Amino acid sequence: MNKRVVFLTGVLVILIFILLVSFFLRGSEKKVENVDDTNKLVVVSPHPIKFLLPLIQEFENETGIHVEVVSQGTSDAIDSLIGDDNIDILWGGSVLVVDPYMKFFYPYQPKSEEYFKEETAEIDIRCTCFSVVPSVLMVNRDIMGDLEINGYEDLLDPRLKGKIAFADPNRSSSSFEHLVNMLYAMGEGDPEKGWDYVERFIENLDGNLLESSTQVYEGVANGEYVVGLTFEEAAVTMIKNEKHISVKYMKEGVISTPDAICINKNSKRLENAKKFVDFMTSKHTQNYMACVLGRRSVRRDVDPSSLVISDNQIENLTADKEYVIENKDKWIEKFENIFMEKMDE
């Protein structure tokens, strides 16, 4: 074959490739442009994107409903839903954090609620439980050296000063959960007796208070911090991607709280939102969530995840839900005041 034929053949191949790519791109653009506003959902969520994507893709494949995700910390996510009728669903945030905002949510009883565990079925009808989330410590083994980190008391080690990742409990529901957990655990069941520990813990933060839960687990995974106070599934996700991470269940006790899916009462796509809630609490989805993603299901008929330790291996604590909700604002204000005092010293 002469050089001219080879050259022309090469040019032809390149032109065909360009035409195919252009056709694909036009098809993709058309698909996005043709999404009917009534055939979509807008979801705001503090969950890790890597956790959300497989569940959303499966929902879209099964229902044909296009999902737009707005990724925000819990506090900002709640504000967004309240201030924007175009946001249909809040997906994430513990029931303790979202409870004061129930008046903004649409009451809906999911089809599979009869299979829910007792502690997750008794929540307000305007808030559907999605998973059960223990608070945990996430440790970077590569940089922890000879430190022993097995609980809250270990976080007071002077060698950890400035090396602890913790988010503002007013912005992150997982951090507020940890604040509640440490008050009950270090107060030996009486949260008002746990503030001495909280004050010493804040001192060891050395002025570091992060803006979101994402910064906590990513900061530990990236080696910016030795240990972070986070939630179980975030740590499991990091383990699957970063082998130098380990999860510690606080030896003083662990509080596990359900997180929520809440429908905006002003949603213009209520039927789509209901389908989303039903899909995310279905046995198929909850099974996948437990087996593949490492979250604890809210359903009685779903086997525990093999990616996490069993409930009976955890030193479980319980908190008085009504008492926590009643004191939430006061506790956050007290935490912030102590933090500012330490900053001024």
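## Salt bridges, helix packing and surface features

The structure, a predicted model, holds 18 salt bridges, a salt bridge being a side-chain nitrogen of Lys or Arg within 4 Å of a carboxyl oxygen of Asp or Glu. Because the model is predicted, local features need pLDDT of at least 70 and side-chain atom pairs count only at pLDDT 80 or more, while totals for chains, interfaces and linings use all residues. Residues are numbered from 1 along each chain as its sequence is written, and side-chain values use heavy atoms, with hydrogens and water left out.

### Salt bridges

| Pair | Closest N and O atoms |
|---|---|
| Arg-171 and Asp-76 | 3.3 Å |
| Asp-146 and Arg-159 | 3.1 Å |
| Lys-321 and Glu-322 | 3.6 Å |

Arg-171 forms a salt bridge with Asp-76. Arg-171 lies in the loop between β5 (164-165) and α6 (173-186) and Asp-76 in helix α3 (residues 74-83), so the pair ties together parts that are 95 residues apart in sequence. Helices (H or I, at least four residues) and strands (E, at least two) are DSSP runs, numbered from the N terminus. Arg-171 counts as partly exposed at 30% relative accessibility, and Asp-76 counts as partly exposed at 31%. Here, buried means under 20% relative accessible area, exposed over 50%, and partly exposed in between (1.4 Å probe, protein chains only).

Asp-146 forms a salt bridge with Arg-159. Both Asp-146 and Arg-159 are placed in the loop between β4 (128-140) and β5, 13 residues apart. Asp-146 is exposed, at 62% relative accessibility, whereas Arg-159 is partly exposed, at 44%.

The salt bridge of Lys-321 with Glu-322 belongs to a network of salt bridges that links Asp-99, Lys-321 and Glu-322. Lys-321 is partly exposed, with a relative accessible area of 29%, and Glu-322 is exposed, at 53%.

### Helix α12 and its crossing with α7

Helix α12 spans residues 321-344 and helix α7 residues 195-205; their axes come within 9 Å and cross at roughly 45°. Axes are lines fitted to C-alpha atoms, for helices over the stretch in contact, and angles run from 0 to 180 degrees between N-to-C directions. The two helices, α7 and α12, are therefore oblique to each other; angles under 35 degrees count as roughly parallel, over 145 as roughly antiparallel, 65 to 115 as roughly perpendicular and the rest as oblique. The crossing of α7 and α12 is right-handed, that is, the near helix is turned clockwise from the far one by less than a right angle.

Lys-328 is found in helix α12 and counts as buried, at 8% relative accessibility. Between Lys-328 and Leu-96 the C-alpha to C-alpha distance is 8.5 Å, although the two residues are 232 apart in sequence.

### Loop residues with positive phi

Glu-188, a residue other than glycine, has a positive phi near 50°. Glu-188 sits in the loop between α6 and α7 and is exposed, at 77% relative accessibility. Asp-206 is likewise not a glycine and has a positive phi of about 60°. The loop between α7 and α8 (213-221) holds Asp-206, which is partly exposed with a relative accessible area of 47%.
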